[in-house]
Amino acid sequence: MADRLMLLDTASLYFRAFYGVPDSLKRADGTPVNAVRGLLDMIARLVGEFEPSYVVACWDDDWRPHWRVELIPSYKAHRVEQVVAAGPDVEEVPDPLEAQIPMIRETLGLAGIPIVGVAEHEADDVIGTLATHATMAVDVVTGDRDLFQLVDDDRAVRVIYTARGMNRLELVTNEWVVAKYGVEASQYADFATLRGDSSDGLPGVAGIGEKTAAGLLGDFGSLDAMLAVASGDADAAAAAPATMSASMRARLTGAHDYLAVAPTVVNVARDLDLPSAEDLGARLAPVTGARREALEDLVDEWNLGGSVARLLASLDRPESA
């Protein structure tokens, strides 16, 4: 079987676990463990179903990088609990989930799944870099549609989309993106820039929704090409396969300041200085020795139920040895 790399958008998954598993599950000191349990079960299922050779837990070392905020101040602003001038802003995270993040990191470490983050960058940027430079097929696991921009059928990069729940996972390929949005996956970042995204505080271009954005990209191919036409570039207009109405030119030129910076915010980084999955030690293997004992000890200590056993069983499969 050919090698396959699975990249976890970890925060996307542990938030989903937190809200999807009852918070009545607690360890002896009263700390909830629903997110820990839920995340371990998610990983066990994903490993069992998709049989990756390597797994990396990609991490938000900075969930709202200042360099993105400087370009678009509204970026994720509605999720800020505290602005920090000299470091990452504090995200509004429920206290019962915040208390579980150290436990999540510890269990992943004992399971041999490397956690990878980069200063001043989001997990999306880590995923973008590892997916772009991988020498094997890639599965990106996320509930964030921003990462559809990474889908590449030629390189066997797809998204396992969790937005509808773990029982209704969707495999996002280029064909899926075209059917859903009317654009190629390679156009998705331009599409998202035009449409905007209220969940990330991206305003988009006034008067341009999903259908209009898809139509523009169908007509002109890229944001750069349509902006050249909108600006009145005669050569671009002559070479364009379609004409642009005066009202559309006005919408695009009126959003000049936003469109000058939004692509930098929307496009994930693909060139961070990161080791390969192989060098990260991300190849899955059975958990043995002291690490297995420590993980099994946490079952009772942290009231983790059967989630640890299910994770260990998924890692014990013969092909992971």
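**Close-up views of a predicted model**

D297 counts as exposed, at 52% relative accessibility. This residue and the others described in these legends belong to a predicted model.

**View 1. The negative patch and helix α14.** Helix α14, spanning residues 289-301, supplies four residues, the largest share of the patch. D297 is one of the residues found in this helix. E301 also has its place in helix α14, and its relative accessible area of 49% makes it partly exposed. From D297 to V308 the C-alpha to C-alpha distance is 9.9 Å, and the two residues are 11 apart in sequence.

**View 2. The salt bridge between R310 and D41.** R310 and D41 form a salt bridge in which the closest N and O atoms are 2.7 Å apart. Because R310 lies in helix α15 (residues 307-315) and D41 in helix α2 (residues 34-50), the pair ties together parts that are 269 residues apart in sequence. R310 is partly exposed at 45% relative accessibility, and D41 is likewise partly exposed, with a relative accessible area of 26%. In general, side chains of opposite charge can pair when their charged atoms come close. The count of salt bridges in the model comes to 17.

View 3. E122 forms a salt bridge with R68, with the closest N and O atoms 3.0 Å apart. This pair links distant parts of the chain, since E122 sits in the loop between β5 (115-116) and α6 (123-133), whereas R68 belongs to helix α3 (residues 66-71), 54 residues away. E122 is buried, with a relative accessible area of 3%, and R68 is buried at 2% relative accessibility. The side chains of D125 and R68 also meet in a salt bridge, at 2.9 Å from N to O. Here, too, distant parts of the chain are linked: D125 in helix α6 and R68 in helix α3 are 57 residues apart. D125 and R68 are both buried. Through salt bridges that share partners, R68, K76, E122 and D125 are joined into one network.

View 4. An unreviewed UniProt entry places the feature "domain: 5'-3' exonuclease" at residues 3-283. Over this range the chain is 43% helix and 11% strand. The C-alpha atoms at the ends of the range are 10 Å apart.

How values were computed: Residues numbered from 1 in each chain as written. Predicted model: local features only at pLDDT ≥ 70, side-chain atom pairs only at ≥ 80, totals over all residues. Heavy atoms only, no water. Helix = DSSP H or I, 4+ residues; strand = E, 2+ residues; numbered from the N terminus. Buried < 20%, exposed > 50% of the residue type's maximum accessible area, 1.4 Å probe, protein only. UniProt positions renumbered as here; feature names shortened; annotations may be inferred. Salt bridge = Lys/Arg side-chain N within 4 Å of Asp/Glu carboxyl O.
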